[in-house]
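Here are my notes after a pass through the model you sent over.

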Amino acid sequence: MDLVKLAYWMYEGTALSGIARVAGSMPKVHTVIHGPQGDGYINVMFSMLERFDKLPPFTLSPIGRREMAQGSRARLVETVRRVEAQHQPDVIVITPTCSSTLLQEDLLAVARSLGRQTKAKLIVPRVNAFRDLEHFAMDDFLAQIVAEFAVEQPKTERFTVNLIGPSYLGFHQIHDLKEMQTMLEEIGIGVNAVIPYGATVETLRSLTGAHLNLCLYREYGREACEYLRKTFGMEYLSITPMGIRQTGQFLRALGERAGIDVTPYIRQHLAPSGSLARFTKSVDALSSLFGKRAVVFGDYSHAVGATHLLREIGVQVIWAGTYMTAWKDEFTESVAGLTDEAFVCDDFQAVSRKIRDTQPDIVFGTQMERHSAARYDLPCIVISSPAHILNFPLFPAPVLGYRGMTRLLDTINQTIKLGLEEHLVNMFGEDTTSESQMETTAAATAVSTAAAGTAAGADEMHWDAEALKALKQVPFFVRGKVQRNTENYAREQGCSEVTLDVIYAAKAYFESKGNQGNR
Amino acid sequence: MEGIERENGCFHTFCPIASVAWLHRKIKDSFFLIVGTHTCAHFIQTALDVMVYAHSRFGFAVLEESDLVAPSPTEELAKVVADVKAEWQPKVIFLLSTCSCDILKLDLENASKELSNRCGFPVVPVSTSGLDRTFTQGEDAVLHALLPFVPREAPKAEVVEEKKRSWFSFGKEEGNKATAPAAPRRNLVLVGAVTDSTTQQLKWELNQLGLDRVDVFPSGDMGNMPVINEQTVIAPLQPYLSDTLATLRRERGAKVLTTLLPIGPDGTARFLEAICAEFGLDASGVAEREAQTWRGLESQLALLRGKRIMFLGDNLLEIPLARFLTACGAEVVEAGTPYVHAKDLQEEIARLREKGVPVVESPNFAAQRERLDRYRPDLIVAGLGICNPLEAAGYTTAWSIEFTFAQIHGFVNAIDLIKLFVKPLMKRQALLDQGWAEAGWIS
């Protein structure tokens with residue numbers, strides 16, 4: 001077994017981030033994080049990436065030197081009491097972190113004895129925060145809270161489903177949720193409950209009123225579905241509706257259970273007049289997409305979904321991979337026949353090298369692959385977590401369903417070269433000036449100006465050695481402007497030579513002037 | 001210390017391992033290896049907004065469950081170090097410890113020695129556990145770990161010759177005395193990991209004042225660290241380097257200047273004057289340079305005068321920044337900061353006391369929120385995790401982390417510094433003018 005392991009980046013978050021995604025997605029649920037100071041970074045994820053307008057519902061019960069020496073129980077009890085008084089939540093989740101797991105303190109015992117005095121229900125996730133990763137922890141914790149609150153309910157009159165999966169910090173999951181709600185409404189199926197996003201204790205109690213559970217993502221939610229099946233006899237579907245075939249499969253399975261004919265809905269979206277077909281079959285897409293070589297890497301659901309989708313529009317997938325290594329066989333089977341190779345691996349460097357060696361026309365991956373692709377000068381589309389603030393768009397940008405597919409096609413369209421453009425480039429070569437060329441040009445200008453020195457005409461400004469060094473420190477894309485501005489300033493001031501003195505004075509002058517406007 | 005309130009709970013700050021985000025760029029040919037858990041790795045990539053630099057000279061030796069019973073981390077780390085060596089060919093590896101190393105009581109000191117011997121280059125242990133330290137103190141820990149690579153004496157060709165001579169003239173004392181070197185020159189070392197252009201600017205200011213040689217620690221190159229000994233005058237550039245400064249005082253006998261930090265025209269002027277006083281230089285030009293810099297800031301100053309500004313406490317730069325703001329004519333209603341090193345910052349704190357600025361060490365965030373309602377500040381300087389909610393509540397905020405990454409030292413950068421405060425205020429005004437007042441939350 002591998003012991004200490006070298007990692008540059010993590011594809012999956014930790015158990016702590018998984019529990020926080022579930023608990024943080026639910027109103028009136030507050031999480032007390034039992035860990036060292038740095039573990040409070042969960043707050044930053046919610047307030048920055050999800051642009052929270054409220055303080056994220058997480059409070060750190062910090063472990064410092066004192067807690068290590070004297071035990072952390074007193075501090076934890078104090079924190080839980082304070083959280084209850086300040087926020088009056090329905091549920092307080094007390095979670096360990098990697099570090100605090102090592103201290104092996106019995107959080108359950110604290111919850112049990114303290115729970116008698118609090119109005120809030122205290123829940124300790126049954127994870128090993130040190131061993132488990134994000135999705136496993138989400139899966140298990142979601143099942144745990146469902147088991148805690150779900151009770152037998154009469155079925156709703158109309159055929160309804162529960163949507164299981166949407167949560168904060170998921171990849172476009174809140175947009176997917178809206179898309180799913182619209183789609184279900186269009187085919188005449190009601191939504192009974194959504195978990196964990198927006199779910200209250202009341203929502204959890206009402207889960208069993210639905211006729212069917214829909215587990216939207218392979219990464220988590222199945223354990224909760226399994227629990228509801230075993231305990232309450234609720235059936236579930238576990239298909240991520242991404243791409244034409246998987247969406248069709250999803251709809252048909254759903255229609256069968258609900259006794260609804262979904263064929264008109266599918267036909268309407270795949271009809272020649274629909275946007276999907278108009279794009280896929282257009283002459284422009286033929287030349288710009290057909291036969292292009294792509295690679296795909298991401299979590300399970302999105303990597304499988306993107307592989308399907310690409311094949312469905314005529315793009316060749318050289319290899320498709322996931323970092324969810326525990327599901328290697330299942331993944332390989334899911335993409336069999338769609339790609340030359342299934343590549344299951346959680347080492348960022350290995351994925352990066354594979355992209356370099358493949359040299360595809362386009363990369364579909366996580367933010368990490370976006371960086372790798374940039375290094376090799378390849379276009380990339382992000383289709384999966386880990387994500388960046390860029391992947392939390394303000395305008396609805398679903399991935400699931402037919403509209404999600406349309407949206408992805410638009411993104412592809414904006415990323416690659418269009419049909420005629422590509423023809424021309426192939427015939428005549430690139431006409432744009434690359435960054436490195438620009439850099440060379442800018443540097444050459446500066447150097448030649450300096451070399452021209454005193455012998456040059458009245459318009460030439462001499463830069464002394466130190467000043468030239470400072471100029472070279474300016475990023476190349478603004479260097480030319482800085483050089484021009486500085487020289488103009490020097491002339492205005494009646495200087496014959498640019499020295500550091502002049503550079504700094506010019507900088508102060510322009511910076512202060514620049515702020516007067518509407519910056 | 002008198003005049004400093006102390007609370008218990010500044011927890012909205014980053015962990016010290018976040019220092020790698022800029023230090024690996026400052027110290028060339030280095031590799032930063034963080035020995036920690038998955039959480040450490042996840043924190044760093046989140047803190048850097050999922051990889052500002054995807055392919056960078058830092059990585060994680062992630063502890064797995066089976067390591068908990070390993071007798072020594074050396075063998076496990078050796079494999080990781082070998083991988084790093086193959087991929088990056090570093091001249092030095094910094095081995096950063098985390099909370100989990102502390103909890104597991106991993107002996108990284110000994111492991112580092114053993115690994116240095118095997119690698120043929122230094123593997124340097126750095127204590128960056130969040131149990132003892134806060135955010136920017138990670139930089140102090142790294143600089144402190146670099147001190148063994150700082151020479152006490154400058155290597156001199158003559159010294160080698162002298163040795164030879166003394167070997168051959170063994171026993172002839174007179175000959176030795178005759179070649180004894182002249183009294184060694186005092187040297188100035190600026191201490192703090194700031195950008196090359198910032199040090200270039202500070203050097204230039206000092207050159208203008210007549211000091212030709214100015215050294216900088218850390219140097220970007222491991223093999224070219226400045227000489228520090230009893231003749232050295234240390235001028236700190238950052239307020240959070242107390243361990244490094246204490247060791248330089250104690251082990252090198254260097255003189256550490258206690259003055260204002262060169263942040264803002266006021267701080268820079270006092271900083272330069274203190275150096276001039278130490279080296280017997282004429283500092284009369286400094287006042288004019290300061291006045292000239294203030295004049296350059298005039299249009300920005302107009303926007304700051306009378307504004308109420310509150311620091312919630314994050315990156316330990318709060319004290320000098322609050323001092324600069326009061327000099328700008330702003331009213332600092334509270335300077336919250338995770339930690340105050342009273343000795344190194346005594347001049348800074350004295351300034352704040354003169355102006356009656358409340359300093360709160362390790363502030364309690366819940367209590368601060370109540371004070372916020374009372375102060376109604378025009379601007380709040382706070383950590384990344386709380387700015388968006390504060391903005392939504394109608395406050396105007398500045399990210400404290402911007403001050404960590406921006407170039408804010410010296411006269412030349414004073415304009416960049418002041419803009420970090422003025423920009424959010426101008427943005428608020430722009431939004432107000434453009435119709436956002438109707439929403440009600442901005443007024």
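1. Let's begin at one cysteine. B:Cys15 is buried, because its relative accessible area is 10% and the cut-off for buried is under 20%. Bear in mind that this is a predicted model.

2. Where does B:Cys15 lie in chain B? Look at the loop that runs between β1 (4-6) and α1 (20-26) of chain B. Leaving out residues up to four places away in sequence, B:Cys15 touches B:Phe43 and B:Phe135, plus A:Gly38 from chain A.

3. The UniProt record, an unreviewed entry, puts the feature "binding site" at B:Cys15, along with B:Cys40 and B:Cys99. These positions are spread over 85 residues of sequence, yet they cluster in space, with a largest C-alpha distance of 9.6 Å. Do remember that such annotations may be inferred rather than shown by experiment.

4. B:Cys40 sits in helix α2 (residues 38-47) of chain B. Is B:Cys40 buried or exposed? It counts as buried, since its relative accessibility is 11% and anything under 20% qualifies. Again setting aside residues up to four places away in sequence, B:Cys40 is in contact with B:Ile17, B:Phe60 and B:Thr98.

5. On to the interface. Chain B contributes 79 residues to the contact and chain A contributes 72 residues. Between them they bury an area of about 6600 Å², and carbon and sulfur atoms give 62% of it.

6. How many salt bridges are there between chain B and chain A? The count is three. On the side of chain B that touches chain A, the residues split into 39 nonpolar, 26 polar and 14 charged. Eleven residue pairs are in polar contact across the interface of chain B and chain A, both partners being at pLDDT 80 or more.

7. Last stop: helix α10 (residues 242-252) of chain B. Its buried residues are B:Ser242, B:Thr244, B:Leu245, B:Thr247, B:Leu248 and B:Arg252. What do the buried residues of α10(B) pack against? Their partners in chain B are α6 (137-146) and the strands β6 (187-191), β7 (214-217), β8 (232-236) and β9 (255-256). After α10(B) comes B:Gly253, which has a positive phi, near 65°.

Definitions and conventions
Residues are numbered from 1 along each chain as its sequence is written. Chains are lettered from A and ligands numbered from 1 in the order in which they are written. This is a predicted model: local features need pLDDT of at least 70, side-chain atom pairs count only at pLDDT 80 or more; totals for chains, interfaces and linings use all residues. Side-chain values use heavy atoms; hydrogens and water are left out. Helices (H or I, at least four residues) and strands (E, at least two) are DSSP runs, numbered from the N terminus. Buried means under 20% relative accessible area, exposed over 50%, partly exposed in between (1.4 Å probe, protein chains only). Contact means heavy atoms within 4.5 Å. Buried area is the accessible area (1.4 Å probe) that two parts lose on being put together, summed over both. A salt bridge is a side-chain nitrogen of Lys or Arg within 4 Å of a carboxyl oxygen of Asp or Glu. A polar contact is a pair of N or O atoms within 3.5 Å; within protein, one must be able to donate a hydrogen and the other to accept it, and residues adjacent in sequence count only if both atoms are side-chain atoms. Ala, Val, Leu, Ile, Met, Phe, Trp, Tyr, Cys and Pro count as nonpolar, Asp, Glu, Lys and Arg as charged, and the others, Gly among them, as polar.
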